[in-house]
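Hi everyone, thanks for coming. Let me put the structure up, and then I'll walk you through a couple of spots.

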Amino acid sequence: MPTRTATPAIEPGAASALLVQPGTVTTGRASTLPLRREGPAKLTGAAKYTDDLVVPGAWYGLTIRSTEAHARLLAIEPDPDVDWSTVVVATAADIPGENIVSLIKDDQPLLVPVGGEIQHHAEPVALLAAPDRETLRALKGRIRLVTEPLPPVFDPEQSEHPFAHYEIRTGEDAALEAAFASADLVLEGEYRVGHQEQLYIENQAMIAVPGEAGGVVIHGSMQCPYYIHEAMQRALGMNAIQARVIQEETGGGFGGKEEYPSMVALHAAVLALKCRRPVRMIYDRHEDLVATTKRHPAVVRHRTGVRRDGTLVAQDIEVVMDGGAYCTLTPVVLSRGAIHAGGPYRCPNVRIRATATRTNTPPNGAFRGFGAPQTEFAAETQLNRIAEALGLSPAEIRRRNAYRVGDVTPTGQVLNESVAAEEVLRLALETSGFEAARAETLRRAREREGSGTIPSGALRTTPQRIAGGVGLALAWHGAGFTGSGEVHLASVASVELSADGRIRVLTAQTEMGQGTKTIFPLMVAAELGVAVEDVEYAGQDTAEVPNSGPTVASRTAMVVGGLCIQAARRLKTEVEGRNGGRPFAEVHAADAAEHGATRIDQRFEPYPGVGFDDDTYRGDAYPAYGWAAAVASVDVDLDTGEVAVHDVVAVDDVGSVIHQVLCEGQVEGGTLQAVGYATIEEIKLRDGRYLNDRLATYLIPTALDAPRIHTILVEAPYSGSPHGAKGVGELPMDVGAPAVVAAIHDAVGAWITELPATPERILAAMHGTPSSGRAVGPGRAA
Amino acid sequence: MSFRFLVNGAPAEVEVPGMRRLLDVLREDLGLTGTKEGCGEGECGACSVILDGQVVDACLVPICQVDGRIVRTVEGLSLAARHRGELDALQESFLEHGAAQCGICTPGMLMAARAYLDAGGPSDEGAVREAIAGNLCRCTGYTKIVEAIQAVIHVD
């Protein structure tokens, strides 16, 4: 298997095209790679995010939201003592088209209509626009919602409304049970994870500007302009020209700006149409926390059969996800969660049953990892507990079971190539000195024995209070859309030699920090043999760029990047062909002058030999997988239960590294989000309402909470994409949390089976308060 | 009421209520939108500016407290660059190290780091992390931000 480590993936011959202009940067390790294209604008404050835009005559918009989790809306009553003539109020009756935020199911309204059901707390019911924010704030509380309470459902396991259900199985139940009967050990475990907020630092923001011919132009913060474009056509009754969407500089997304921006944009547009003037719909942090989508909470139950040597023989896994009140992207999130639920391990007998249901809580949606972090936390913690039960090292049990080329996944996919599980595992173990570190934490634990108030005996000295631990996890992440998703999308990306000689890349892929604006020109320049500065990246405006699909699922570099490369190759061939075979770089200016514009639209073609049956859930769930290993080192205060994660070694196989600095940035950021998920990020609910709905109470890691992150990039290219890339964004999110939880176990000897691993949960686990996991082995043969 | 102060070396005068946030004065009255709002309650640091050498959250400072004082924002950083309008050493280090991703925390992060550098802060990692602990970043994991700041101190 061709595996390289941390070397740029661009062919040596093309290297000259990657060099920045002399004098731009003379120091630093980035000097041989182009710098972030929009970096200078971001660093000087010149970059315009949505709320930075000055729009003359714009009014301010605001959303009136429900205060109940489930109720019938009987009336919307503006206070009769208020002069409403100076402002605009909009309700469902003002929606020009269908009252639907178009996505997978047509179940979510823009605004709850009178007579309809409020399905969750903070659900949009009415809209208000005013010339200034003071008026808006003053009038916000003067619209009364008359409601009749309905019984809410908060427990996803009690819900009678499934959004989706999948079963993935390698054979009949009898075969599975026979495999369990043959196991030396059967271990059961139950794992729980809660909501997680994406917490992009720029809140949701949209400005709707009434345009020509009854249209509306949306300027906003988003991942997927064409999602909004589609949603506008349905809800506003517009055609594809009247609806126009322009992405402005976007301050982070992480999935949180995949589907929710459609709601914000539609609200702004409804108000703009009624006001006949531009409307700014800019959320503050409280509204953003209280109303927008979160990562799906989940309960995952495992029953695993193993032989004494650690070989997996049977996995029976049940996944229940809480979809919240509306479907959003839940079926797709559940699907990815289910497919990844067994972890990156071969097992001949597997049954995975996954269900997502409706509850009367705010809808959950896309968040980096998209279902896989939930189920892989469970799979990895389960495997670590099995290793402990068998007296095996966590490294050894992974070496014995990790996928290799030729193995078959639970959906029946044969892993023919690009399997780097063993490689990332080896590198993580070597780089972190895992086994030696484990031996050291064990030695120190022995020294501490008998000290302290917990579990028994004398008071502890300060050094004895702090227990070190080291933990390991391994993960896989399917590259691109699940199943036949990419085939259905049929994305188009374009490369154009314009009539004035410019080279332009046109796609709908948004820049939200990952580096799209830098890597696409880099890839195209390398193909064409021109300087990277000579390749422009067109703005994300639905009036200009083709629909290359959403900026999600770590698909930008892999799928759309591949289309850009293919388009560039065709452009090069065409231009060179009519210029006597002379290099594109030499002839393109003259060619444009003579022949005018040449534009290549490259449509996605299914990856060769990849097929998936949506009905039976059998086949190639993804064209390829990324592989990641992480080793986390922690210190746990035995008296307070506080955890400090001080180092993480993150090893990620991304297929090919297009830009090392940007790629490392993805791994580092994803790793910290996973550490936050593992330790401090938690939403508490009461009666379906988020209690910690401010940044003072929903915590994310600061620079002091963040570990030192040592990133190693591995390249096991995928032959089906022209550059071998498999995506990077989500992969690190899958592996960080189970590594931290394993490290906490190494430190304190107790398993945390519910995220986040708060001090309270750690102390409870140390005190032997029953945890949700329980061993039912040793098994029959013991 | 009228308030006078210096912004990035230039005199400014605004006629606004005294409790208007410095953040709104900068962004809306003076058009300096480089300073961002992330939470409006002093938790995220996106609106960090330097007030008489101290890092403050501009969302928590009423303009009446700024009268007669000196404010520096991200737009003023390049005044210290070798050539006006270019990046200063800190901005350049952020660019080279990949310390800005989505960029929304970047202006505040730069101002916190600039104040730390101006105060002669040491280059050790723990001190640098402490200096930017009031500025949340969701993209980078902080690794490259810390490296970028340390690199400037090493060069100096």
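Let's start with a pair: Ile218(A) stands opposite Val245(A), which sits in strand 12 of chain A. Quick housekeeping: this is a predicted model, where local features need pLDDT of at least 70, side-chain atom pairs count only at pLDDT 80 or more, and totals for chains, interfaces and linings use all residues. Residues are numbered from 1 along each chain as its sequence is written, while chains are lettered from A and ligands numbered from 1 in the order in which they are written.

Helices (H or I, at least four residues) and strands (E, at least two) are DSSP runs, numbered from the N terminus. Strand 11, residues 216-220, runs parallel to strand 12 of chain A, with 5 bridges joining them; two strands pair if DSSP finds at least two bridges between them.

So, is strand 12 of chain A buried or exposed? Mostly covered: 5 of its 5 residues are buried. Buried means 20 or more other C-beta atoms within 10 Å of a residue's own, exposed means 12 or fewer, and partly exposed is in between, with C-beta atoms placed from the backbone. Ala243(A), Val245(A) and Gln247(A) point one way, Arg244(A) and Ile246(A) the other. In a regular strand, side chains alternate between the two faces of the sheet.

Now over to helix 20 of chain A, residues 759-766, where Ile762(A), Leu763(A), Ala765(A) and Met766(A) are buried. They cover an arc of only 160° around the axis, so they're on the same side of helix 20 of chain A; that arc is taken from the directions from the helix axis to the C-beta atoms. Just after helix 20 of chain A, Gly768(A) takes a positive phi of about 85°.
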